[in-house]
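Q: Could you take a close look at one part of this model for me, the place where the first chain meets its neighbours? I'd like a walk through the contacts and then the charged pairs.

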Amino acid sequence: MDIFVQQIINGLVLGSVYALVALGYTMVYGILELINFAHGEVTMIGAMVSLTVISALVGVGVDLPGVVIVLLGLLAAIPVCMGVGFTIERLAYRPLRNAPRLAPLITAIGVSIVLQNIAMLIWGRQYISFPPILPQGRHQILGATITDVQIAILVASVVLMLGLTLMVKKSRLGRAMRATAQSPQIAGLMGVNANTVISLTFILGSALAAVAGVMVSAYYGLAHYYMGFLLGLKAFSAAVLGGIGNLAGAVLGGLLLGVIESLGAGYIGGLTGGVLGSNYQDVFAFFILILVLMFRPSGLLGERVGERA
Amino acid sequence: MNQKSRHAWLVFVALGIGLALLPFLVDAGLGRSWVRILDLALLYVMLALGLNIVVGYAGLLDLGYIAFYAVGAYCYALLASPMFGLHLPFWVLLPLGALVAGLFGVLLGTPTLRLRGDYLAIVTLGFGEIIRIFLNNLNAPINITNGPQGVNQIDPISIAGLSLGKTQVLFGVTFSSPHLYYYLFLILTLVVIFVSMRLQDSRIGRAWAAIREDEVAAEAMGINVRNIKLLAFAMGASFGGLAGGLFAGFQGFISPESFNLMESIMILCMIVLGGMGNIPGVILGAVLLTVLPEALRYIGDLQRAWLGHVVIDPSDLRMLLFGFALILMMLFRPAGLLPSRQRKRELSAAGDIAEQEQASVYDARH
Amino acid sequence: MKITFVNGLLAAVMATLLLGACGRQDGAAKDGEVIKIGSVSPLTGPQAHLGKDNENGARLAVDEINAAGLVIGGKKMHIDLISEDDQADPKIATTVAQKLVDNGVVGVIGHLNSGATIPASTIYHSAGIPQISPSATAIAYTAQGYNTAFRVMTNDEQQGHVLGQYAVTKLGDKKIAIIDDRTAYGQGLADEFAKAAQAAGADIVAREYTTDRSTDFMAILTSIKAKSPDLVFFGGMDPQAGPLTKQLKQLGINAQVLGGDGMQTPEYIKLAGADAEGEIASNPGLTLDSMPGGKAFKDKFTARFGQIQNYAPYAYDAVYVLVDAMKRANSTDPAKYLPALKTTDYQGVTGHIRFDQKGDVTGGAVTLYQVKNGAWQPLETVQSK
């Protein structure tokens with residue numbers, strides 16, 4: 001039983017990581033119907049920048065609690081990521097807004113490759129490790145272990161989702177975003193500057209990516225210029241599973257994907273009598289994804305177009 | 001009219017001679033490695049044309065296309081290597097690879113019939129990964145694919161007792177192995193191009209265009225959407241399977257790492273960059289994206305020629321420039337380098353009915 | 001407009017190609033005759049740090065040899081190291097191999113991964129050019145019967161055997177869990193380890209898998225926890241081994257972690273932090289510090305390129321082994337010095353290098369290291385079979 005609880009916790013934490021990145025995907029998709037393939041790379045930049053600042057602070061021996069140092073790193077990473085997100089949208093996506101649908105997908109891939117290689121030039125090819133400054137407190141729940149960092153990730157993903165939903169539903173900007181998502185032209189007639197709204201969406205999404213980047217590197221203790229690719233891919237799958245364009249869907253999809261992967265890795269061996277093992281973890285996850293989409297072709301929560309944010 | 005057709009013939013003949021001499025020119029001018037790059041470029045042309053059927057003609061975004069390439073390659077490798085001690089001839093293996101890949105195409109197509117756009121993309125992506133993971137892990141409990149170690153010592157393609165894996169002297173001319181493969185690949189590429197062209201102009205091609213434009217309207221017009229979609233998957237997949245078989249014979253060693261997601265994405269880039277739905281565009285895209293990263297290797301030499309020494313490590317810059325090239329090409333030619341005429345408009349129309357109406361199905365090719 | 005853009009693009013590509021082609025010819029203006037040696041490894045992508053490390057190792061050796069002055073066959077020679085990026089991709093590996101052959105290299109140091117090394121070896125073999133891999137460990141590489149394929153690293157079987165024996169007989173651990181990363185390297189090593197451990201009487205209680213891109217191992221570690229093993233063996237590289245060790249401790253699993261050369265790196269200690277303490281991993285050859293010239297190599301390398309990642313010393317030795325054979329054969333012609341390469345008997349910084357008839361290092365020693373006080377300390381050196 002404690003093993004099962006542990007697997008669920010593992011899955012929820014992993015899922016929160018996916019959810020954090022998936023939120024950024026889904027925001028951009030919601031407004032532009034564009035898969036921002038470079039979002040994973042923005043997450044990577046966030047991790048790299050914050051780690052550089054954190055390492056520098058630790059290096060000069062700043063006498064602050066670990067959490068404060070990490071927050072300082074995050075504060076440095078957020079504006080950088082916002083700048084990167086803004087630039088990407090301006091240079092690579094905006095000129096293509098009326099182009100064939102797949103054209104921005106290719107520039108997104110181009111942007112991914114460029115960001116990866118710029119990161120490689122700046123930070124080198126090595127893995128960068130996260131200094132051990134965060135509290136390592138462990139808690140027991142029903143015989144399973146959970147750490148402070150894991151709890152922080154869980155909480156962050158839910159809080160951010162709630163905050164964003166509130167913003168999209170209640171604020172002026174949120175209303176403008178919803179209007180632009182439905183029809184940029186009509187939103188324009190109503191006095192909404194679609195370009196500004198789209199820029200702000202990217203900036204917001206990139207800030208989220210910075211948060212995700214810091215949490216991921218703090219949790220796993222490392223960052224690398226290539227880390228964004230797989231993370232972005234998993235997050236994208238999570239967003240689709242939940243219904244892309246839907247904020248709650250991104251979190252639901254992320255958590256579900258995490259739990260599925262975790263249970264898959266943990267129990268697939270036992271279920272198949274040892275024929276398939278944890279090497280089929282991703283097969284299991286994708287199989288469920290396909291099954292869900294067969295019965296709900298637009299994801300779990302993504303049915304009504306009007307709900308997109 | 002007569003004048004025009006004679007002109008066309010001249011161009012054809014010149015093109016034919018050019019293509020026949022190309023490997024020798026390239027070998028003399030740039031070195032034999034470039035003949036190998038040409039061989040790979042031809043394989044990618046076949047792959048891109050196959051994916052073009054699915055994405056370009058039928059409008060189904062497929063991110064797992066490399067799986068069919070993998071299926072074709074493993075089909076060839078397992079039946080012509082010491083793995084099971086089987087050594088079937090290529091004229092059995094290539095059609096078999098195409099057929100099996102086609103079946104896998106139907107297998108993928110069936111559960112995804114209802115899905116559209118990005119949802120289809122993620123499912124096909126998942127399918128591609130599933131195939132790769134199986135290939136990577138089917139070495140236990142029964143060893144079928146030899147797992148991550150890959151299949152080695154695959155028989156080179158051999159036609160009428162003539163092995164393409166060795167240097168051969170024919171009609172007094174010495175042909176190295178990459179040269180020989182070039183001619184085989186060229187012939188098969190021409191076949192694939194021909195089939196692609198005929199398909200586009202056929203009833204089936206028009207049906208694909210119809211479902212691409214508007215699935216509901218197509219169904220109302222009496223098109224069997226299910227079958228026609230499955231046919232697109234199967235046709236595209238069989239081209240991929242054919243190319244996979246050729247790759248296995250050419251390379252002599254395959255392992256699952258050659259069939260990763262990035263490859264699928266690259267092939268998609270080729271067709272979008274070249275001009276989706278337009279055969280010359282697709283060919284250009286495939287050749288360009290195969291050649292460009294290799295050409296960018298010379299930036300080290302360029303620096304040496306211009307500046308006297310290498311300032312920036314070429315390996316640092318190569319992929320960076322490639323990324324920029326992708327972005328710039330799309331910014332300047334968003335419909336592809338050689339777009340098909342009516343395509344520019346209709347592709348942008350994904351959810352936009354007003355625009356869809358502007359491009360009617362029947363002005364597709366006339 | 002359309003046409004001009006496409007034409008311009010093509011012209012640019014062609015110009016690049018032609019300039020490149022011209023660029024190939026120069027570089028011969030150094031004093032003495034130039035011989036070219038190729039170095040191939042992934043310089044981009046997730047393994048770029050290891051690839052660059054190999055290149056650096058080879059470059060250090062080449063620069064040293066050039067500085068000391070190389071005379072072969074009565075003529076002064078200058079070595080040009082031509083480095084290529086194979087992106088760890090088998091298909092690109094063959095293209096690059098052909099490129100090196102075109103370029104007239106007389107020997108190749110590479111590739112890094114078995115998956116790239118094996119298909120490339122066919123090209124070197126048909127061109128008659130000797131190839132020494134500093135890091136490919138798959139048994140298949142030297143089992144193809146190519147007389148041009150060598151490696152200065154022990155193969156999976158040699159290292160896996162030492163590790164399996166060590167785990168059971170020396171550490172006395174009978175309940176063993178195995179994780180591998182499903183790469184040719186990780187799976188190969190883990191399978192050989194499993195064989196040797198079972199032969200020595202161990203019970204493999206769990207066999208779990210991950211990938212070479214993963215950072216989350218909680219699920220498989222939780223399954224392993226349920227089997228309460230004495231020892232967890234990991235077949236894979238340090239970017240996974242580090243976080244894996246951390247998460248293992250986090251889950252409160254009380255087992256020894258054991259790994260191969262992919263884990264025996266400073267990077268591992270950085271990534272696992274304090275949790276690395278007490279863990280054991282092996283690396284072929286003797287300890288760098290115990291070798292004549294080893295300490296000097298380490299100092300020179302660190303001063304010039306920074307920390308050694310992993311296989312740089314092997315790449316360094318591989319260059320010397322190649323040049324040593326040329327000297328003994330008194331020729332840089334691959335056909336002439338290849339027989340001399342077979343009879344190599346060279347004292348390198350990684351150990352005493354001799355090849356068996358397949359091209360594997362014989363009697364290669366494998367040294368086991370343990371993390372003590374945040375650094376790898378040698379435990380003991382075992383002779384592989």
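A: Let's start with salt bridges between chain A and chain C: the count across that interface is zero. Keep in mind that this is a predicted model. Polar contacts are another matter, with 11 residue pairs found between chain A and chain C, both partners at pLDDT 80 or more. On the chain A side, the elements that each put in at least two residues are helix H1 (2-32), strand S1 (128-129), strand S3 (144-147), helix H8 (194-220) and helix H10 (247-271). H1(A) has the largest share of that side, with five residues. Sort the chain A residues that touch chain C by class and you get 12 nonpolar, 15 polar and two charged.

As for extent, 29 residues of chain A and 31 residues of chain C take part in the contact. Together the two chains bury about 2700 Å², and carbon and sulfur atoms give 57% of that. If you want particular side chains to look at in chain A, go to Arg125(A), Tyr127(A) and Tyr220(A): they lose the most area to chain C, together 24% of what that side buries.

A quick word on chain B itself. It has 15 helices and six strands, and 60% of its 366 residues are buried. Among its contacts with a separation of 6 or more, 72% are between residues 24 or more positions apart.

So where do the charged pairs sit? Over all chains the count comes to 30 salt bridges. Side chains of opposite charge can pair when their charged atoms come close. One example inside chain A is Arg97(A) with Glu89(A), at 2.7 Å from N to O.

In one, Lys99(C) forms a salt bridge with Glu84(C), and the closest N and O atoms are 2.7 Å apart. Because Lys99(C) lies in helix H3 (residues 90-102) of chain C and Glu84(C) in strand S3 (residues 75-85) of chain C, the pair ties together parts that are 15 residues apart in sequence. Lys99(C) counts as buried, at 8% relative accessibility, and Glu84(C) is buried too, at 7%.

In the other, the side chains of Asp180(C) and Arg207(C) meet in a salt bridge, 2.7 Å from N to O. This one links distant parts of the chain, with Asp180(C) in strand S7 (residues 175-180) and Arg207(C) in strand S8 (residues 203-209) of chain C, 27 residues apart. Asp180(C) is buried, with a relative accessible area of 0%, and Arg207(C) counts as partly exposed, at 25%. Going back to the Lys99(C) pair, shared partners join Glu294(B), Arg297(B), Glu84(C) and Lys99(C) into one salt-bridge network.

One last stop in chain C is helix H9 (residues 238-250). At 1.5 Å a residue its 13 residues should span 18 Å, and the end C-alpha atoms are 18 Å apart, which agrees. Of those 13 residues, 11 are buried, so H9(C) is largely enclosed by the rest of the structure. Among the buried ones are Asp238(C), Pro239(C), Gly242(C), Leu244(C), Leu248(C) and Gln250(C). Just after the helix, Gly252(C) takes a positive phi of about 75°.

Terms used
Residues numbered from 1 in each chain as written. Chains lettered and ligands numbered in written order. Predicted model: local features only at pLDDT ≥ 70, side-chain atom pairs only at ≥ 80, totals over all residues. Heavy atoms only, no water. Helix = DSSP H or I, 4+ residues; strand = E, 2+ residues; numbered from the N terminus. Expected span 1.5 Å × (residues − 1). Buried < 20%, exposed > 50% of the residue type's maximum accessible area, 1.4 Å probe, protein only. Contact = heavy atoms within 4.5 Å. Salt bridge = Lys/Arg side-chain N within 4 Å of Asp/Glu carboxyl O. Buried area = accessible area lost by both parts, 1.4 Å probe. Polar contact = N/O pair within 3.5 Å; in protein donor to acceptor, adjacent residues only side chain to side chain. Nonpolar A, V, L, I, M, F, W, Y, C, P; charged D, E, K, R; others polar.
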